[in-house]
Amino acid sequence: MPFQSVAPKYVYTPLNHLKDGTVVNLYGIVKFFKPPYVSKGTDYCSVVTLVDPSNVKLTCTLFNGNLDSLPKIYKVGDIVRFHRIKIKEYNGQMQGITGVGFASLTFDGTVGAPVVPRSSSKVYTFMDEEQKTIEELRVWAASNLSISGPAAKLSGVRPMLFFDLTCQLVGKAKVDGSSFLLKVWDGTKCPYPTWKVPVEARDLEGEKVVLHQLRNLTVDVLVYDNHVQLAKSLKIGSFLRIYSIHTKQASAVDEDVSHIEFHLHGGTCYGRGIGVLPESNLDVKELKKFFLILDLESYLQRCQQLPVTVLTDHQDLNNTELKTILNSTAPQQYRIRAKLRTYKPQKLYQSIKLYCSKCNSLQEVPDGDDFDFILQGSAVTAPNPELHNTSWYDSVMWTTQDQKQRKIAIHFVKHDEMLQQPEDTLLMIEGGTLKEVWKLTKRFKCVIPVRSTEDDLELLDPSAPFLLQGNIKYYGCKQCSTPKPIKSLSSIAAEQRPSWEPTEIAQVLGIVPLQYVFIMKFTLVDATGALNVYLFDYENFFQIPASEILTNNSLQQKMQMTMNMLCPPGRKLDDLPWLECFIKSYNVRDAMTHQVYYQIFDTTVAEGVV
């Protein structure tokens, strides 16, 4: 636990008592800072200028190879606590630099804000009396420092301005070797025409639907030089504070109207840089309020009589009333125009199932705990060293340092007797925990959990995934699969360019793969009646892959927004949007009963609905 009742008592040195060559603990208020940037080596560097009630200024230069180990400073006025910082005298001024054991906590400097530390290490102490120190520094700073930064909303920008922007990243793209594009928005609209950086659609990373929806609200920020590497690593959807953006007015050669451009110039003068904000940040919470208001407005605008779905085939079919369909024999195909009154399941993640196309069986997606239990069971049997380092894979084995002293073996599959780049590599792991397996999937293309027999490696329990790729677990059908020895994979490794596609891996291992599908029940209504229709879909209807929805929060939000659009909660039937879709009827018979079912097909949610 970070907060400990028994902890060492630290002594804190005021900034006017610092001496050359000492290592001290101190508190300070951030008067100026440069967000972390990549230094000339491989380390990240951050520069922070601190003040305290002694009215002495201290500039600290902080280095670390791990970005998370540097202080999490978001704005001027934040309060930092540094432990074990080295003090050096330079040109008659004291300076702070990172040394062995350096650690930091950062606090919001706003009077009355919660005293919640942002830590650079997992274990830290923070005593009750230190809360009083934070509150005293906040009060002093409020009276003695001008800490209002040059922040602005996009709605308030003007040409020739340098300002800090709190925003959300919705798209990014490489422009050239020295510049990189970030598409961002903050819930407000820039009052000037804005510059759109020309990039190829295929080079633009981001959710296409979201980029289209926000096309009139996003601005293009071009970042240069030392900021490019950090910009490339930013995740779509993350919240950012971009420091010291420059707005320029310009006009293209073939344009009469001038537009405004947003630049983050190279270098770190004036604190230029990019910081990633957590969702708990107060400014991010304010930003989200704008987004919610915007969502509601766009919902109301779009919930008109235009259909919110698109037909992808069979345009020659005419609309049929639901009453006619209910009174017709199956099987047939129809085109309908109706409203979605209700849908099940309401908890959308429950709509994801696993489907076998060979035996037509459906099953629930196994719980992560089940996989963890299987891995723990397989770790009881130690890897067989005789199966290591074959002609088609290299093996590494080690013993964990914990009490259990587990033996873990990782087998890296070779191609042309050489190891491939991690992003192209398939590996097999024996004895790993769930956490260790997921760590490997972040670095390597494919991971297969295995165990040793006397003669060969084999797949784990049939209930376990036979393959992990990215965040996706691939399962095989227990009834239809006939697992083969792992050495069958050597045939793919021998190919000219092994792609390690899940379907190909499944085939050589004798696995019939299960497909992730959406299974939902829609109750559709028109003026003539109501009809229960099933949605059985992989990725066409929602334009979201069913395989990724369980591990991707932004896709889950997108799906929820889609359903809120198709069936807005709390709205009267007259106010619901129209759906146009194709449905087909089919018979299901057994010895006792005969029923007719209906299923949606060749229909997709309209682009721009969410």
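## Salt bridges

A salt bridge is counted here when a side-chain nitrogen of Lys or Arg lies within 4 Å of a carboxyl oxygen of Asp or Glu. By that criterion the side chains of Arg451 and Glu458 are joined, at 3.0 Å from N to O. The model is a predicted one, in which local features need pLDDT of at least 70 and side-chain atom pairs count only at pLDDT 80 or more, while totals for chains, interfaces and linings use all residues. Residues are numbered from 1 along each chain as its sequence is written, and side-chain values use heavy atoms, with hydrogens and water left out.

Elsewhere, salt bridges that share partners bring Arg335, Arg337 and Glu580 into one network, and a search of the whole structure finds 15 salt bridges.

## Pairs that link separate elements

Asp283 and Arg241 meet through their side chains in a salt bridge of 2.2 Å, N to O. Asp283 belongs to helix 4 (residues 282-302) and Arg241 to strand 10 (residues 239-250), so this pair ties together parts that are 42 residues apart in sequence. Helices (H or I, at least four residues) and strands (E, at least two) are DSSP runs, numbered from the N terminus. Asp283 counts as partly exposed, at 27% relative accessibility, whereas Arg241 is buried, with a relative accessible area of 5%.

A further salt bridge, at 3.3 Å from N to O, joins the side chains of Asp394 and Lys414. This pair links distant parts of the chain, with Asp394 in strand 17 (residues 393-399) and Lys414 in strand 18 (residues 407-415), 20 residues apart. Asp394 is partly exposed at 28% relative accessible area, while Lys414 counts as buried at 13%.

## Nonpolar cores

A nonpolar core is a set of buried Ala, Val, Leu, Ile, Met, Phe, Trp, Tyr and Cys residues joined through side-chain atoms within 4.5 Å. The largest has 68 residues, and those with the most contacts inside it are Met428, Ile448, Leu489, Ile505, Phe522 and Leu524. Apart from this core lies another, of 31 residues, which includes Leu62, Leu70, Leu211 and Leu287.

Contact means heavy atoms within 4.5 Å. Once neighbours within four places in sequence are left aside, Ile505 is in contact with Leu426, Cys446, Ile448, Phe466, Leu467, Leu489, Ile492 and Trp500.

## The surroundings of His83

His83 lies in strand 4 (residues 79-90) and counts as buried, because its relative accessibility is 4%. Its side chain makes a polar contact with the side chain of Arg81 at 3.3 Å; such a contact is a pair of N or O atoms within 3.5 Å, where, within protein, one must be able to donate a hydrogen and the other to accept it, and residues adjacent in sequence count only if both atoms are side-chain atoms. Not counting residues up to four places away in sequence, His83 touches Tyr10, Tyr12, Val24, Asn25, Gly101, Phe102 and Ala103.

## Cysteines

The structure holds 0 disulfides, a disulfide being a pair of cysteine sulfur atoms within 2.5 Å. The sulfur of Cys60 is 11 Å from the closest cysteine sulfur, that of Cys45, which is too far for a bond, and Cys60 is buried, with a relative accessible area of 0%. Cys269 is in no disulfide either, the nearest cysteine sulfur, in Cys45, being 13 Å away; Cys269 counts as partly exposed, at 44% relative accessibility.

Definitions and conventions: Buried < 20%, exposed > 50% of the residue type's maximum accessible area, 1.4 Å probe, protein only.
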